[in-house]
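This report walks through one protein model, helix by helix. Please keep the sequence and the 3D view at hand while reading.

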Amino acid sequence: MPTPALRSVQMLALAFMSMIVVLGLVVYLSLPDADLALPSTYVIGGQVVAGVVVALILSTIGFRVAPVTPGTAPEKAKGEALQKHQMSMILRLVLSELVALVSLALAFILTEDQVMTYVIGGVISLALMALFAYPSAGNIRRVEASLDSAGAQSRLAEAFGVL
């Protein structure tokens, strides 16, 4: 059963994710001649490449955290694990947002097809957040494995109620 700690980090992740949607509405309402045509293939290709690069960065460094020191008291280890998980998750959320933020800038710089430029970047960012940053059981276990790599038991999955 999910714990209050899990609900807290889920709400944090959902706040980041909902910001992408809200920015999309702002882009749509702030561009007077907004159309829904697709941008050039170069723009779409650049966004996809940026998404792949961010995904590689996230899978390479996004789940690395300093391990819990062996011999740390169980309650202190759990608190340290929760703090390190949250810092790691925020890093992954921010990195995932990069594609949407660059697309937001492009939506105002490009002279045509602005709305879809942001929509495509926003969808890529949301997918990255869902896969790499949202506190799913798999993501929690990846962070826990990094925390436990020195031999200590962080009990992160237990703290979140993930079995």
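## H1 beside H3

The axes of H1 and H3 come within 11 Å and cross at roughly 5°. Axes here are lines fitted to C-alpha atoms, for helices over the stretch in contact, and angles run from 0 to 180 degrees between N-to-C directions. That crossing makes H1 roughly parallel to H3. Angles under 35 degrees count as roughly parallel, over 145 as roughly antiparallel, 65 to 115 as roughly perpendicular and the rest as oblique. The residues of the H1 contact with H3 divide into 19 nonpolar, three polar and one charged. For these classes, Ala, Val, Leu, Ile, Met, Phe, Trp, Tyr, Cys and Pro count as nonpolar, Asp, Glu, Lys and Arg as charged, and the others, Gly among them, as polar.

The model is predicted: local features need pLDDT of at least 70, side-chain atom pairs count only at pLDDT 80 or more, and totals for chains, interfaces and linings use all residues. Residues are numbered from 1 along each chain as its sequence is written, and side-chain values use heavy atoms, with hydrogens and water left out.

## The chain as a whole

The protein chain has six helices and zero strands. Helices (H or I, at least four residues) and strands (E, at least two) are DSSP runs, numbered from the N terminus. Along the sequence the pattern reads α-α-α-α-α-α. The C-alpha trace spans about 60 × 30 × 20 Å along its principal axes.

Of the 163 residues of the protein chain, 43% count as buried. Buried means under 20% relative accessible area, exposed over 50%, partly exposed in between (1.4 Å probe, protein chains only). The accessible surface comes to about 8,500 Å², and 71% of that belongs to carbon and sulfur atoms. Areas come from the Shrake-Rupley method with a 1.4 Å probe; for residues, only the protein chains shown count as cover. Take the contacts between residues at least 6 apart in sequence: 80% join residues at least 24 apart. Contact means heavy atoms within 4.5 Å.

H1 covers residues 4-30. Its 27 residues reach 38 Å from first C-alpha to last, close to the 39 Å expected at 1.5 Å a residue. The expected span is 1.5 Å times one less than the number of residues. The buried residues of H1 are Leu6, Val9, Gln10, Ala13, Phe16, Met17, Ile20, Leu23, Gly24 and Val27. An α-helix has 3.6 residues a turn, so residues three or four places apart point the same way. What covers the buried residues of H1 includes H3, H4, helix H5 (137-147) and helix H6 (156-160).

Leaving aside neighbours within four places in sequence, Val9 is in contact with His85, Met89, Pro135 and Phe160. Ser8 also lies in helix H1. At 45% relative accessibility, Ser8 counts as partly exposed. Ser8 and Phe108 are 100 residues apart in sequence and 34 Å apart in space, C-alpha to C-alpha.

## H3 against H4

H3 (residues 74-109) also packs with H4 (residues 114-133): their axes come within 7 Å and cross at roughly 170°. That makes H3 roughly antiparallel to H4. Contact residues on the H3 side include Met89, Arg92, Leu93 and Ser96. On the H4 side they include Gln114, Thr117, Tyr118 and Gly121. The contact divides into 13 nonpolar, seven polar and two charged residues.

H4 has 20 residues and reaches 27 Å from its first C-alpha to its last, close to the 28 Å expected. Of its 20 residues, 14 are buried, so H4 is largely enclosed by the rest of the structure.

Gln47 lies in helix H2 (residues 41-61). Gln47 is buried, with a relative accessible area of 3%. Beyond neighbours within four places in sequence, Gln47 is in contact with Val99, Ser103, Thr117, Ile120, Gly121 and Ile124. Ser88 sits in helix H3. Ser88 is buried too, at a relative accessible area of 5%. Not counting residues up to four places away in sequence, Ser88 touches Gly62, Phe63, Val65 and Val143.

Where is Arg155? Arg155 is in the loop between H5 and H6. Arg155 has a positive phi of about 55° although it is not a glycine. At 35% relative accessibility, Arg155 counts as partly exposed.
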